[in-house]
Amino acid sequence: MKQLIFDIGGTYIKYAYFVNNEVKFDSFPVINQDGKEDVPYALKNFLKNYQVDEIGVSMPGPFDFKNGISLMDFKLKSLYQVNVMSIFKEACPQAKIVFIHDAVAFILGTLNEDPKLKTMRVAGVMLGTGTGFACMDNGRVMVSENEITIPHLGRQIYDNTNRKIDEFISATGLIRLANELGYHFKYVKEMAEAAKIDKRLQETFLEVGQILGKVMNQQQVNLHFTYLLIGGGVSNVWHLLKPAFERVCHIPYRVVNNLAMCPINGVRLALRLGKDNIYLKQ
C-alpha cells in the first residue's frame with residue numbers, strides 16, 4: 001500500500017509519503033520561479049514522480065469536498081474553480097482520493113495524541129493564515145451536507161466591526177493590526193521577535209488573545225464542548241496570546257504538540273475509516 005497525504009497551505013504544501021510502515025515527510029513551495037502562487041503547477045510537477053494507491057488531502061475552504069473543486073477567491077487564488085480532483089486522477093488514475101476540510105483534518109489528527117478525546121465533545125481552533133474551527137463529538141466531526149465545518153467560524157463577522165473573525169485571530173489578522181500601527185512585517189515570527197522589546201506589539205498580541213477567548217466563550221455557549229484544542233502556525237507564539245486569552249476564557253484547553261503531523265494523521269484516519277464514519281452531519 002502506497003499513500004500520499006497532502007496538507008495544502010498558502011506558502012507550502014506539506015506531504016507525507018507512506019509505503020507500508022515507512023514514511024517520508026517533507027514539503028514543497030506553491031510559489032513558482034516567477035514569484036507567483038501556482039498551486040496546480042506545483043502539484044502536477046510533484047506528482048510526476050509518484051504512483052500511489054491512495055491520496056488524501058487536507059484543504060482549506062470554501063471547497064467542494066465531494067467533487068474536489070476549489071471555491072476560494074480570497075486565498076490560494078491560483079486554485080479558484082480548479083478541479084483539483086482531476087489533477088490527482090490524471091497523475092494517479094487508480095488511486096482512491098479523499099478531500100477533507102483542514103479543520104476536520106486537524107481535530108481528527110489530535111486523536112493520535114490523545115485517544116481519550118474520542119469519548120468527549122471537543123472543539124479545535126486553527127490559527128493559520130485564516131481561522132479554522134471544528135467541533136467533534138465522540139470521534140465524529142460536525143459538518144454540513146456539503147462537508148463544511150459547523151460553524152464556518154472564520155468568515156463570520158466579529159462583533160460590530162464589519163470585519164470577519166479571520167481578520168483578527170489569524171496570521172493575516174496579526175499582520176494587519178501591526179500594519180495599522182505603522183509596522184511592515186511579512187511573517188508572524190518576525191513580529192513576535194520584535195515584540196520582545198516593543199510594548200505596542202505585545203499589546204497587539206494580547207488584543208488578539210482576548211478576542212480569541214471571547215469568540216471561544218461564545219462558541220462554547222452554542223456548541224457545549226468541554227475541551228479546546230489549539231493549533232495552526234500562530235500557536236507557535238502562544239506565549240504572547242496566552243495571558244489575555246486566559247483572563248477571559250476558562251475553558252480547559254491545550255496547544256497540540258505535533259503541529260505538522262496532526263493534519264496528516266487526520267487525513268489518514270479519514271481514508272481508513274471513510275467519511276461516513278468521521279462525520280456527524282447536521
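Let's start at H101, which touches M59, G61, F65, E147, I148, T149 and H152, leaving aside residues up to four places away in sequence. Keep in mind as you look around that this is a predicted model. H101 belongs to strand β7, which covers residues 96–101. Is this histidine buried or exposed? With a relative accessibility of 3%, H101 counts as buried, because anything under 20% falls in that class.

Now let's turn to the empty spaces. Rolling a probe the size of a water molecule over the atoms shows where empty space is left. How many cavities of 30 Å³ or more does a search of the whole structure find? The search finds 1. The largest cavity has a volume of about 30 Å³. To find the largest cavity in the model, look for the residues that line it: L127, I169, S170, L174, V208, L212, V234 and L241. What kinds of residues are these, by class? The lining of the largest cavity has 7 nonpolar residues and 1 polar residue, with no charged residues.

Which element provides the largest share of the lining of the second largest pocket? That is α8, with 4 residues. Sorted by class, the lining of the second largest pocket has 2 nonpolar, 3 polar and 3 charged residues.

Finally, let's visit the cysteines. A disulfide is a covalent bond between the sulfur atoms of two cysteines. How many disulfides does the count come to here? The count is 0 disulfides. For a pair to count as a disulfide, the two sulfur atoms must be within 2.5 Å. Seen from the other end, C249 is in no disulfide either, and the nearest cysteine sulfur to it is that of C135.

Are these two cysteines buried or exposed? C135 is buried, with a relative accessible area of 0%. C249 is buried too, and its relative accessible area is 4%.

Technical notes: Residues numbered from 1 in each chain as written. Predicted model: local features only at pLDDT ≥ 70, side-chain atom pairs only at ≥ 80, totals over all residues. Heavy atoms only, no water. 1 Å grid on protein atoms, 1.4 Å probe; cavity = no way out; pocket = protein on both sides within 12 Å on 5 of 7 lines; lining within 4 Å. Points joined across faces, edges and corners; volume = space filled by probe spheres on them. Nonpolar A, V, L, I, M, F, W, Y, C, P; charged D, E, K, R; others polar. Helix = DSSP H or I, 4+ residues; strand = E, 2+ residues; numbered from the N terminus. Buried < 20%, exposed > 50% of the residue type's maximum accessible area, 1.4 Å probe, protein only. Contact = heavy atoms within 4.5 Å.
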